[in-house]
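Visitor: Hi! Could you walk me through this one while I look at it?
Guide: Happy to, just ask as you go.

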Amino acid sequence: RVPATMTDYKGSSLDQTRIRQLEKKREQERQQFTEQLQKAKKESETNYRDISSKFAARTSTAEDQLKHETIGLVTAEEFRKKKQELQLEGPSLKEAPKRKRENKLQKSKLSFDIEEEEAADADGSASAPEDAEMLPPPAKRISKDPTVDTSFLPDRERDEKERLERLRLKQEWLAEQERKKEEIIPITFSYYDGTGHRKTIKAKAGTTIEQFLGLVRKEFKELRGVSTDNLLFIKEDLIIPHNYSFYELVETKARGKSGPLFYWDVHEDVRFTSDASVEKEESHAAKVVERRFYDANKHIFPMRRWEVFDPNKKYDS
């Protein structure tokens, strides 16, 4: 027969047997859990009693008896009466042992502890000589050995002196460089347009090539309409970039293809004997050239020898 609804369906005989087995198994597990819970509760109570007994007093004292007898609210008269009764029973009850306070003298490590030591009580001061004999001797203070080299260790005072010395030397060096930049040097050059027009202009050593070309424009009317960007400065067959200054070339002892770049006058290197191991000090006049003239004639001597100055390159002179 088909059940009217799913709630009326009880399952087959095998399903009902399985359900009964599961219910029986759950009932057994429930009983085992209850037994284990009761057993754990008994064990905890037993352990608590054992621990309490271990910390219980072995003997009853008058003070413990008084506390036990005066539990709750009692009047002052009842408390005194009960205390007198317990004092009469004194032989049967042991009094609580009193702790003997020991006064130990300790050597103070502070220099301002003298007043506290003088404020000690009379008993303590009387027993001080006896206790002082039992104290260990004071430890020896470890001091620095003056014969040991400690220069490798950090020293704030020494580091500060070194820092100030470095700062002083740095300021002196910067002042010396500024003095050198302010020196006036004569610079011999020629405006080259196929023929030379030699002149000498005095300028500061800190003057850059671009600033010097601005001075050259004022000396030649042909260059007054030409900007400094369209002018080239050539020294010893090298085109010097505009950002370099004469001071930098002198300080670095730069050299060109045909002579040094740190001499700005014109002189010849006259020697009685030639020595290939010694560089020549012969200096030639610098040249100022328009860029368009160089671009049109760079295949012709001497323009074909010119190249841009590279401070990392070594030129044979």
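Visitor: How do strand 3 and strand 4 pair?
Guide: Strand 3 and strand 4 (residues 238-239) pair in the antiparallel sense, over two bridges. Strands here are DSSP runs of E with at least two residues, helices are runs of H or I with at least four, and both are numbered from the N terminus. Two strands pair if DSSP finds at least two bridges between them. This is a predicted model, where local features need pLDDT of at least 70, side-chain atom pairs count only at pLDDT 80 or more, and totals for chains, interfaces and linings use all residues. Residues are numbered from 1 along each chain as its sequence is written, and side-chain values use heavy atoms, with hydrogens and water left out.

Visitor: Which residue is the bridge partner of K235 in strand 4?
Guide: That's L238. The hairpin has two residues between the strands, and E236 takes a positive phi near 55 degrees there.

Visitor: And what does strand 3 pair with over four bridges?
Guide: Strand 5 (residues 286-290), again in the antiparallel sense; strand 3 itself covers residues 231-235. L232 stands opposite V289, and F233 stands opposite V288.

Visitor: OK, zoom out. What is the strand order in the sheet?
Guide: The order is 2-1-5-3-4-6, an open sheet of six strands with mixed pairing. Strand 2 (196-204) and strand 6 (307-308) are the edge strands, each pairing on one side only. Helix 7 (residues 209-219) packs on the sheet and touches strand 1 (184-192), strand 2, strand 3 and strand 5. Contact means heavy atoms within 4.5 Å.

Visitor: What angle does helix 7 make with strand 2?
Guide: About 125 degrees between their directions. Axes are lines fitted to C-alpha atoms, for helices over the stretch in contact, and angles run from 0 to 180 degrees between N-to-C directions.

Visitor: Back to strand 3: how many of its residues are buried?
Guide: Five of its five. Buried means under 20% relative accessible area, with a 1.4 Å probe and protein chains only. How many pairs does the count come to?
Guide: Twelve aromatic pairs. Rings of Phe, Tyr and Trp (its six-membered ring) pair if their centres lie within 6.5 Å; planes under 30 degrees apart count as stacked, over 60 as edge-to-face and the rest as tilted. Take F212 and F246: their centres are 5.5 Å apart and their planes at 90 degrees, so the pair is edge-to-face. The pair links distant parts of the chain, with F212 in helix 7 and F246 in helix 8 (residues 246-251), 34 residues apart.

Visitor: Is F246 buried or exposed?
Guide: F246 is buried, at 0% relative accessible area. F212 is buried too, at 0%.

Visitor: What about the rings of F233 and F246?
Guide: Their centres are 6.2 Å apart and their planes at 75 degrees, which makes the pair edge-to-face. Here F233 in strand 3 and F246 in helix 8 are 13 residues apart.

Visitor: Which residues do ring pairs link into a cluster?
Guide: F189, Y191, F212, F220, F233, F246 and W264.

Visitor: Last one: where does the charged end of K199 sit?
Guide: Over the ring of F220, 5.2 Å from its centre. For that, NZ of Lys or CZ of Arg has to be within 6 Å of the ring centre and within 35 degrees of the ring normal. The charged end of K253 sits over the ring of F262, 4.8 Å from its centre.

How values were computed:
Buried means under 20% relative accessible area, exposed over 50%, partly exposed in between (1.4 Å probe, protein chains only).
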